[in-house]
Structures are given as C-alpha cells and as structure tokens.
Amino acid sequence: WGKINMKLEMNSFLTNRERAVDYLNTRERLYVVDGFGGWEKEYREPVRVITSRAYHALFMQNMLVPPTQDELKEFEAGAAKKPFVILNAG
C-alpha cells in the first residue's frame, strides 16, 4: 500500500461514516448516481454515489458505466448483489 496509506480502525470508520450521514441529512438536496465500475458484465461492480454537490454527481456519471432501465433493479433493496456505496460529504 505504500507509506502514505494507513490502516483505519473500525471505530474510526464508523465515526466518520456517522459524521458523513449526519452531514448529508442536513442538506436540502442530494444527488444519487447509480452506475457500474467496469464494462465487462461478468466483472463489473454496482456503485451508488450519494453527494450534496451537483458537480460531484456529474463527475461520477462520467466515471461510471450507466445502467439500463432493466439493470437499475440491481440497485434496489433485496438485489442479489448490494452496490458499493460512496458517501461524498465534502
């Protein structure tokens, strides 16, 4: 991982996640982007990005493979594979 990356303790992760969720809950408007990391269907991963800034959502729309209408079902509750969720609270 190199010298710059440091292990994050679980308690620190949970604290930071709670702070991010608290911040997002105070925003008047949120943007949610669903997409896939990777083009090949057998290898790609569903990703959901939740952000308070439109330009961050636009950036992620450009970075991820957009799902078709049928593929959006993969992002619903109860889907076989849960999406990787990115909380952008900055």
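Gly-35 touches Glu-45, Pro-46, Val-47, Leu-64, Val-65, Pro-67 and Phe-75, when residues up to four places away in sequence are not counted (contact means heavy atoms within 4.5 Å). The structure is a predicted model, in which local features need pLDDT of at least 70 and side-chain atom pairs count only at pLDDT 80 or more, whereas totals for chains, interfaces and linings use all residues. Residues are numbered from 1 along each chain as its sequence is written, and side-chain values use heavy atoms, with hydrogens and water left out.

Gly-35 is placed in strand E1 (strands, E, of at least two residues and helices, H or I, of at least four are DSSP runs, numbered from the N terminus). Gly-35 counts as buried because its relative accessible area is 0%; buried denotes under 20% relative accessible area, exposed over 50% and partly exposed in between, with a 1.4 Å probe and protein chains only. Between the C-alpha atoms of Gly-35 and Met-60, which lie 25 residues apart along the chain, the separation is 8.5 Å.

Strand E1 (residues 31-37) pairs with E2 in the antiparallel sense over 7 bridges (pairing requires at least two DSSP bridges between two strands). Within this pairing, Val-33 stands opposite Val-49 in E2. E2 is also joined to strand E3 (residues 84-88) by 5 bridges, and these two strands run parallel; here Arg-48 stands opposite Val-85 in E3.

Beyond its neighbours within four places in sequence, Val-33 is in contact with Val-47, Arg-48, Val-49, Ala-57, Met-60, Gln-61 and Leu-64.

Thr-51 also lies in E2 and is classed as buried because its relative accessibility is 0%. Its side chain makes a polar contact of 3.1 Å with the side chain of Asn-88 (a pair of N or O atoms within 3.5 Å; within protein, one must be able to donate a hydrogen and the other to accept it, and residues adjacent in sequence count only if both atoms are side-chain atoms).
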